[in-house]
Amino acid sequence: MSRKASTPTGVDEPWPTSPAARLDEVVLEALSGLTEAGVTFALLRGGDGPASGGDIDVLVLEADLPATERHLRAAGWLQTHPAGHGSHRFHIRYDADSGTWHKLDLVTRLDFGPLQAYRTGLAEACLARRVWADGVPVLRPDDAFWLLFIHQAWKRPALERHSRLTDAAQRAAAHGPVADLVAGRLPGGVGALDTALAAARSGDTSTVAALQRQLRTRWRRAEGARGVLRQATGWVQQRVAVAEDRGFSLALLGLDGAGKTTVAARLQQEVPWPTASLYMGVWRESALDRLVRPIQGAQLLLRMGRLRRTALVTRYHCALGRVVLLDRSIVDATLPSGEVGWKWRLHAALVLRTAPDPDRMVFLDAPPEVVFARKGELGIEELQQRRAHYYELQGRFPQWVTIDADRPLEDVLADVNGVLWDELVRTRTGSPS
């Protein structure tokens, strides 16, 4: 395939919705830099608004991938561990000014299905036909529609997906390299393309879904064991491939009611980096704890075993390059409590000497009166004692960060996201963000 010049040379297409208007300034700067660097690429999907962040899919010529990644690194983007994701290369960046995470999903192949096990070999052909819309390289409408048709054939149906397909169908035709591939996978051949287009344009979701099922079924049969093997290989790689850069653990500390669990859940949902969430509570009693309560020392052994198991799981996720979000930390074993005796404290002290400390410890600080109003599980006096103990602990751990949790959740999340991003930058580049 011939290389494209660094300036737009394709057709300048009018677009129903400007790609530039759908993308954040941070993403537009990255794409503009790729254009100036002479990289051949095209926007595939993504961008729901200038402040939405989200997942932006970009098709890149395979020969240009090294130059693409060098440019993104220089622009402050970080690459995640890609094992088990086919040709996908994920790059993220956090914009502290807007409190928004951005993710660029670079692909060099147009693969589909579970773990991209079903391949097409159409990437270069689609890039050769790319056009320009509002200064952004995009796929031709025909290729964009049929790729979306295939993409959705492997996904669970959703109303917004049908709407996107209907919109894309209005400017598409039944020709092009992707359309040819679809025709070869449908029983009706070329005639089925016209049926699919008409159904998509009119919003006939049942006909579209039936054709997509046929496409998926025939494709699986054609690939046979090869597709199954690729899927199995990707599954294994995701779970055992050690990352070049180790992940890290971030523990959320605070009084009951400070928002630790809520913040951890939001981080896992919003941060576009592979994460794992683990509960590290020391005092919570399980059904098994209650069952073995009459046996001297059994509860203690169960609790210590759970803590050691969690430490091993944390190491496993870090080895895969993930961020491990810990709801609480082992240091909670030292908190003042009238529920435990000297034996528990002795064993807790031993674990504190052997268990690894979290790489980052984020203390969500809130007044006892505030957390008591939220949960009311402990008395004000005990909450005050625990808060004072946390203040003492923060001087012992250089990785400790205190964040005011007596504020709106979005403000607290912005601060925690900033800490997480700083740690990602530090571990990946060896320098502060």
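Two strands are taken as paired if DSSP finds at least two bridges between them. On this basis, the predicted model contains an open sheet of five strands. The strand order is β9-β10-β8-β11-β12, and the pairing is parallel. Strands β9 (275-279) and β12 (400-404) form the edges, each pairing on one side only. From one strand to the next, the twist averages 20 degrees.

The pairing of β11 with β12 can be described in more detail. Strand β11 spans residues 360-365 and runs parallel to β12. Five bridges join these two strands. F363 has T402 in β12 as its bridge partner.

Two helices pack on the sheet. Helix α11 (residues 260-270) touches β8 (248-253), β9, β10 (323-327) and β11. The direction of α11 makes about 160 degrees with that of β10. Helix α17 (residues 409-429) also packs on the sheet. Its contacts are with β8, β10, β11 and β12. The direction of α17 makes about 155 degrees with that of β8.

W235 belongs to helix α10, which covers residues 225-240. The relative accessible area of W235 is 47%, so this residue counts as partly exposed; the exposed class begins over 50%.

Terms used:
Residues numbered from 1 in each chain as written. Predicted model: local features only at pLDDT ≥ 70, side-chain atom pairs only at ≥ 80, totals over all residues. Heavy atoms only, no water. Helix = DSSP H or I, 4+ residues; strand = E, 2+ residues; numbered from the N terminus. Axes fitted to C-alpha atoms, helices over the stretch in contact; angles between N-to-C directions. Contact = heavy atoms within 4.5 Å. Buried < 20%, exposed > 50% of the residue type's maximum accessible area, 1.4 Å probe, protein only.
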